Amino acid sequence: MAQENMLSGQVNDSLGNPIALAHVMVFNSNTFVVGTVTDTDGGFTIASLEQGSYVLKIIAIGYEDFVQEFAHEENLIDFGSISLKTTAIELNGVALIARKKLYEKHGNSLIINVEQNVASAGGSVLELLSNTAGVSVNQQNGALSLNNQGKIAIMINGKPSRVDGQALISLLKSMPASNIKNLEVFNNPPSKYEANGSGGMINIVTKSKSNDGQGGSISLNSGYGKGEKTGISVNIHSNQGKIDWYGSYAFNRNRTPEEWKLQSEFNSPLSQKKVVANSLRKPIINAHNYLVGTEFSLFKNTNVGINLSGYNSKWDMIAFDKVIRNGGTDNTETINIDTKEANEWGHIGVNMLLEQSLGDQHALTFEYAHLYYNFNNPSTYDTQEQMDFFEILKITPITFNVFNLDYKVGLSEKVKVEFGAKTTSSNFTNTIEASSNDGNVSNIDDELSSTTRMDEQIQGIYASFEFQLGEKTRFTSGLRFEHTSSKLDINDTDTILNRTYDNFFPSLTLDHQLNDVHRFQFNYGRRINRPTFDNLAPYILFLGPEALYAGNTNLQPSLVHKIGAEWRWAGKYISLEYLIEKDAIVEFQPRLSTNGEQYIFKAENMDKRNMLSISMGVPFSITPWWQTETSFIYQYETLQFNFQEVEFNRSKGSLRANSSQQFSISAKTKLELSGYYQSSTLFGISTFGARGSLNVGVQQQLKKNHGNVKLSLSNVFASDNWKINTINEQPFINTLETYFPESRILTFTYTKNFGGSTKTPKYIGNSADDEKQRVQ
């Protein structure tokens, strides 16, 4: 009965994207009869309309009005897809309040509107990525991967970061989520960026770079799980006059207890035993993050930008380790170890930019950056019962110098060209000193102690082209060439790595608008995964005497081909992708030491890795006050590799689901339930167990523009735990690693924006952030 005398339709823009909150009105002889607004998917329905002659009028800000006469003689009229043309308008004194979708598809990227994510409020950017973007974080070495497709690159405000691993983890932990506007996930990044990272790129857009005029924001957060958390962040900017400036500062303190556990079995002529090592860790993280910069017009068409950025993140941990060895019925031994470890990263960087406009269609940009990092990682292991004391001192300073030149030109309205060159030089000196003390004599362990120095040069040139092939088809292609030379010396005498290699990295995207609603895209790209500095600058971590985590200076870079196709309609999408990777790098593969007394965990190269992925995004509104956004990805992975002279062929399918349920309690109150589930996946010779989490959040906008408050509870069921299991007969390996992070964290966040105007800033990003992807 509800469908009697009903009108319906779908309102989209010229690219087929749905237009929400458009006004839909029905008139009869210039008399208003009935009206409604489109939902978040651009759809509308109008019921109970008597038969007769009418005029349909649709109005949306930024678009030309749509007017159409129609005769209503049937019970149901479906207008189908209605396309609105874009128009330029000027508003004065009008304020609009609307709700963006959490996920939006644009071109070859996925936009995640973080400001709409209530359940992840109050945490760090690292926690935000893990909860909303399908990012997996290896807490041992800081490796980030996206949807199990391999290493990802991180951009900040459109410029790739140079650090990865522990340095990247420290950076992301020092950035509060309340300072983030949105995340943009690139599956096939443009050729202008370095080709490092097979999983694609994630661009982190901060609020301070999107505000206009004079103003800023302040955010305070406080929370508790198994330990207290607190933080503050401040952003200020002035984009008026000829000189613009901006700055930000954030501080976070987080006490986050966690538990690591390793069950291992030894079965060799030299050793037959079972060992359980349990580590109760109580780290405290103190992080400072700052940025200050200025931009000004030197001449009419010349812009100059200078900024200074840095952070300091210190991770202090006290752990109580209990190791139980069982060698038989009456042969059980218990060892208690007090572990102290500090993990401190300091960074300071200077970036300078010169941008020259050469007419309406030409622009030349030159950048230079100097980046300095210092990593200090001392650790001690004190066995009280046996009077043994083991100490490891590790210091790693890292330096980057980056030069970058880009040139853009519009040859015509349908052809755009961009090309450029970049050179990066980096070096580090990694010093490890390991010593032991049995209560009487202190001895230096020469086998574990070393001084390693690395010098690396990467030169790259690229060209990219964009062609508009008719009104509905756009073709983008690019080619990047990189020359890499690396030299690694140990103890100033032996060269353990002296490698030079050249690679071409093509990319292309074909985008075709099928009709007003449907859109098809095909893309291809070739990328590389370079070993991180954490592996090339060796490190040593113990989880009891029988487990050693270390780097691997013999790692080779892996090369990846990605082929994909995607179909999008009305905010929904289905995509298909195939990945081929040679020498895939898989972290923390266990192997027995030569004497059979210890498991050594380190990264290994896998000969060949193939993966087929099918993903689907389904956003829709159940009711006007209930919006659901859910995505699924199914992957089938195969691995072929030789491990300790044994051939392995492994394959497995897996499923990941992300979902967000948002409820508009009132115009100023919003409730959200969000979470994810990941089934078990391959992890080299090991299997990564299933995991997931559920988060709850509520947001209240205060009256009279006094800001807003958010209350969130993360990992409600304490289910976001890691289990990595390895059972193999030949070679014999039997280990089970488990990691239990802090759960049920309740966080309160207050955010207040101030100032603002209508002037658009010309913020200049930092292309040297590309270098930051390699540091850890």
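A salt bridge is taken here as a side-chain nitrogen of Lys or Arg within 4 Å of a carboxyl oxygen of Asp or Glu. The model I examined is predicted.

**Entry 1: salt bridges.** I looked up the total and found 17 salt bridges in the structure. I then turned to individual pairs. Glutamate 482 and arginine 530 meet at 2.5 Å, N to O. Glutamate 482 lies in strand E30 (residues 473-490) and arginine 530 in the loop between strand E32 (518-529) and helix H3 (533-536), so this pair ties together parts that are 48 residues apart in sequence. I noted that glutamate 482 is buried, at 1% relative accessible area, and that arginine 530 is buried at 2%.

Next I checked arginine 609 and glutamate 637, whose side chains form a salt bridge of 2.8 Å, N to O. Arginine 609 belongs to strand E37 and glutamate 637 to strand E38 (residues 626-643), so the bridge ties together parts 28 residues apart in sequence. Both residues are buried. I also recorded one network, in which salt bridges with shared partners join Lys273, Arg325, Glu333, Glu546 and Glu597.

For lysine 314 and aspartate 316 I found a salt bridge of 3.9 Å, N to O. Lysine 314 is partly exposed, with 33% relative accessible area, and aspartate 316 is partly exposed at 34%.

**Entry 2: second largest pocket.** I read its volume as about 1,200 Å³. Its lining has 40 residues, with Leu448, Ile540, Phe542, Leu548 and Gln598 nearest the centre. By class, I listed 17 nonpolar, 16 polar and seven charged residues in this lining. Strands that each supply at least two lining residues include E33 (540-542), E34 (547-550) and E37 (599-623).

Notes:
Residues numbered from 1 in each chain as written. Predicted model: local features only at pLDDT ≥ 70, side-chain atom pairs only at ≥ 80, totals over all residues. Heavy atoms only, no water. 1 Å grid on protein atoms, 1.4 Å probe; cavity = no way out; pocket = protein on both sides within 12 Å on 5 of 7 lines; lining within 4 Å. Points joined across faces, edges and corners; volume = space filled by probe spheres on them. Helix = DSSP H or I, 4+ residues; strand = E, 2+ residues; numbered from the N terminus. Nonpolar A, V, L, I, M, F, W, Y, C, P; charged D, E, K, R; others polar. Buried < 20%, exposed > 50% of the residue type's maximum accessible area, 1.4 Å probe, protein only.
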